[in-house]
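This report goes through a few residues and how they sit in the fold. Please look over the sequence and the structure before reading on.

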Amino acid sequence: MLRALALLLAFLAPATQVSSNLEGTQMLVTKQAGSSVVITCDITQSSDYVHWYRYQEGMAPRRLLYYEFSSSKVVVDPGISSQKYNAYQGTGRTCKLYIKFLEESDSGVYYCAVWERHSDSDFPY
């Protein structure tokens, strides 16, 4: 039996400094287990890197991957499946996160953040 999943997708303003003000669009998406979803992030700054995070209640936000516009390169973080998560450039300055084979454990709040550097120590929190 397939169960419906609720994925709350929230898009933050580009993260260039530590801030407690979260801005952006939010939408609730419900999909069947085993299906896929594409989340779009509109980029308003001229940054080359888009970082995708998932927040699940009771846990720290976790970066899933980042996308580099100039080379169309996707770098998936350690412990994250590249078979499940991917990113690509959409029309204009948009970045899309593609999540395949949805499971209940994928439920959460998904964020995109933009800043120039991309090392593991450069988190917007």
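A residue is called buried when its relative accessible area is under 20%. By that cut-off, cysteine 41 and cysteine 112 are each buried. The model described here is predicted.

## The disulfide

The structure holds one disulfide. A disulfide is a covalent bond between the sulfur atoms of two cysteines. In this model the bond joins cysteine 41 to cysteine 112, with an S to S distance of 1.9 Å. The torsion about the S-S bond of cysteine 41 and cysteine 112 is about 70 degrees, so this disulfide is right-handed. Distant parts of the chain are linked by the pair, whose members are 71 residues apart. Cysteine 41 belongs to strand S3, which covers residues 37–42, and cysteine 112 belongs to strand S9, which covers residues 109–114.

Cysteine 95 needs a separate comment. The cysteine sulfur closest to that of cysteine 95 is in cysteine 41, at 6.7 Å. A disulfide requires two cysteine sulfur atoms within 2.5 Å. Because the separation is 6.7 Å, the sulfurs of cysteine 95 and cysteine 41 are too far apart for a bond. Cysteine 95 is buried, as its relative accessible area is 0%.

Histidine 51 is placed in strand S4, which runs over residues 49–55. Its relative accessibility is 0%, so histidine 51 counts as buried. The side chain of histidine 51 makes a polar contact of 3.1 Å with the side chain of arginine 63.

Glutamate 68 is part of strand S5, made up of residues 62–68. Is glutamate 68 buried or exposed? With a relative accessibility of 12%, glutamate 68 counts as buried. Leaving aside residues up to four places away in sequence, glutamate 68 touches Asp48, Tyr49 and Lys73.

## Glycine 108

Where is glycine 108 found? The loop between strand S8 (94–99) and strand S9 holds glycine 108. Its relative accessible area is 13%, and glycine 108 is therefore buried.

Glycine 108 can also be compared with arginine 54 in position. The two are 54 residues apart in sequence, while the C-alpha to C-alpha distance between glycine 108 and arginine 54 is 6.3 Å.

Terms used
Residues are numbered from 1 along each chain as its sequence is written. This is a predicted model: local features need pLDDT of at least 70, side-chain atom pairs count only at pLDDT 80 or more; totals for chains, interfaces and linings use all residues. Side-chain values use heavy atoms; hydrogens and water are left out. Helices (H or I, at least four residues) and strands (E, at least two) are DSSP runs, numbered from the N terminus. Buried means under 20% relative accessible area, exposed over 50%, partly exposed in between (1.4 Å probe, protein chains only). Contact means heavy atoms within 4.5 Å. A polar contact is a pair of N or O atoms within 3.5 Å; within protein, one must be able to donate a hydrogen and the other to accept it, and residues adjacent in sequence count only if both atoms are side-chain atoms.
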